[in-house]
Amino acid sequence: MNAVRRLLLQGAGALAAGLLTPLAALAATWNKEAFGAKTPADALKGIGASAATPSNDVIIEAPEIAENGAVVPIEITSQVPGTKSIAVVIDKNPFPLVAKFDFMEGALPYVKVNVKMGETSDVRAVAEANGKHYSATKNIKVTIGGCGG
Amino acid sequence: MPGPMKMRATNQGGVTEIRVLMAHPMETGQRKVNGKPVPAHFIQNLTVKLNGKTVVEGQTSQAVSRNPVFTFRVKGGAKGDKVEVSWLDNEGETNKTEATVA
């Protein structure tokens with residue numbers, strides 16, 4: 001009896017492990033450390049961009065004043081040759097790192113996304129190219145915050 | 001609750017533009033209802049594929065607006081190509097949608 005039970009349990013365990021692996025593999029690509037950072041410096045460190053160089057080739061298009069902090073449209077283009085990824089950091093948000101996009105197979109280093117802003121803040125776009133980071137900063141004024149209830 | 005997605009992909013001047021909407025609450029975990037915090041519930045990963053090849057992989061936080069809309073651009077692609085976008089949130093929920101480049 002015991003041997004059969006053990007075998008069944010082992011089988012169930014192996015099956016569960018097999019089923020859960022793909023999900024875990026997907027989830028593992030979320031940079032928990034960087035997204036959990038509470039300061040812009042830690043967020044940048046988390047994505048390896050502490051030494052980002054300010055660059056005019058990274059372009060942020062966004063409103064100067066956002067009336068509604070819950071939906072602030074931000075458009076980012078990188079003209080740095082060989083840009084592989086773009087990250088968005090909002091300095092004064094509770095968790096400054098908003099998103100990071102990796103581009104491959106002909107995808108252009110461009111993204112448009114709506115973000116939440118708790119208050120008026122600098123917004124940074126950080127592009128990664130050839131192992132180096134390049135950043136642009138734009139201050140966006142928020143009249144009604146988008147993080148509270 | 002997360003809901004359906006909408007997507008439009010168009011090719012103009014050799015560039016395919018993909019615009020995708022995901023119905024999702026994107027709860028920050030900071031909001032309170034009747035004094036009780038609403039747990040964080042947000043999309044963490046998204047993948048854009050053109051003809052089965054991954055072109056964009058995104059990681060997102062709770063600071064992306066509710067019912068997120070993203071626009072991406074891919075050099076190349078042609079009318080009739082298949083675009084697929086999928087997402088995965090912090091509770092393990094997932095969804096995907098497909099469209100044909102117009």
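Tutor: Two residues are in contact if their C-beta atoms, placed from the backbone, lie within 7 Å. The model discussed here is predicted.

Student: Leaving aside neighbours within four places in sequence, which residues is A:L97 in contact with?

Tutor: With the sequence neighbours of A:L97 within four places set aside, the partners come from both chains, A and B. From chain A they are A:A34, A:F35, A:A37, A:A43, A:G46, A:A87 and A:V89, and from chain B the partner is B:S61.

Student: In the largest nonpolar core, which residues touch the most other members?

Tutor: The largest nonpolar core holds 62 residues. A:L97 is one of those that touch the most other members, and two of its contacts, A:A87 and A:V89, are listed there too.

Student: How many residues of chain A are in contact with chain B, and with how many residues of chain B?

Tutor: The count is made separately on each side of the interface. On chain A it gives 35 residues, and on chain B the number is 32.

Student: Which element of chain A gives the largest share of the side that touches chain B?

Tutor: Helix 1 (2–27), strand 6 (97–103) and strand 7 (107–115) of chain A each supply at least two residues to that side. By class, the side has 23 nonpolar, seven polar and five charged residues. The largest share is eight residues, and the element that gives it is strand 7 of chain A.

Student: Over how many bridges do strand 7 of chain A and strand 7 of chain B pair?

Tutor: Strand 7 of chain B covers residues 69–75, and its pairing with strand 7 of chain A is antiparallel. In this pairing A:V113 stands opposite B:F70, while A:A107 stands opposite B:V74. The number of bridges is four.

Student: Over how many bridges do strand 4 and strand 7 of chain A pair?

Tutor: Strand 4 of chain A spans residues 72–78 and pairs with strand 7 of chain A in the antiparallel sense. Within the pair, A:T77 stands opposite A:Y110. The number of bridges is six.

Student: Which residue of strand 4 of chain A does A:I59 stand opposite?

Tutor: Strand 2 and strand 4 of chain A run antiparallel and are joined by four bridges. Opposite A:I59 is A:T77.

Student: Which strands stand at the edges of the open sheet of six strands, and why is one side of each left without a neighbour?

Tutor: The sheet has the order 2(A)-4(A)-7(A)-7(B)-2(B)-1(B), with antiparallel pairing. The twist from one strand to the next averages 15 degrees. One side of each edge strand has no neighbour in the sheet because each has a single partner strand, and these edge strands are strand 2 (58–61) of chain A and strand 1 (5–12) of chain B.

Student: Is A:E105 buried, partly exposed or exposed?

Tutor: A:E105 lies in the loop between strand 6 and strand 7 of chain A, and its phi is near 50 degrees, a positive value in a residue other than glycine. A residue is buried if 20 or more other C-beta atoms lie within 10 Å of its own, and exposed if 12 or fewer do. A:E105 has 14 such atoms, so it is partly exposed.

Student: Is B:M26 buried or exposed?

Tutor: B:M26 is found in the loop between strand 2 (15–22) and strand 3 (32–33) of chain B. Its phi is also positive, near 50 degrees, and again the residue is not glycine. With 23 C-beta neighbours inside 10 Å, B:M26 is buried.

Student: How many helices and how many strands are there in chain A?

Tutor: From the N terminus on, the elements run α-α-α-β-β-β-β-β-β-β-β-β. Chain A has 149 residues, of which 38% count as buried. The counts are three helices and nine strands.

Student: What share of the contacts in chain B with a separation of 6 or more comes from residues 24 or more positions apart?

Tutor: Chain B has zero helices and nine strands, and its C-alpha trace spans about 50 × 20 × 20 Å along its principal axes. Of its 102 residues, 36% count as buried. In chain A the share of such contacts is 65%. In chain B the share is 55%.

Technical notes:
Residues are numbered from 1 along each chain as its sequence is written. Chains are lettered from A and ligands numbered from 1 in the order in which they are written. This is a predicted model: local features need pLDDT of at least 70, side-chain atom pairs count only at pLDDT 80 or more; totals for chains, interfaces and linings use all residues. Ala, Val, Leu, Ile, Met, Phe, Trp, Tyr, Cys and Pro count as nonpolar, Asp, Glu, Lys and Arg as charged, and the others, Gly among them, as polar. Two strands pair if DSSP finds at least two bridges between them. Axes are lines fitted to C-alpha atoms, for helices over the stretch in contact, and angles run from 0 to 180 degrees between N-to-C directions. A nonpolar core is a set of buried Ala, Val, Leu, Ile, Met, Phe, Trp, Tyr and Cys residues joined through C-beta atoms within 7 Å.
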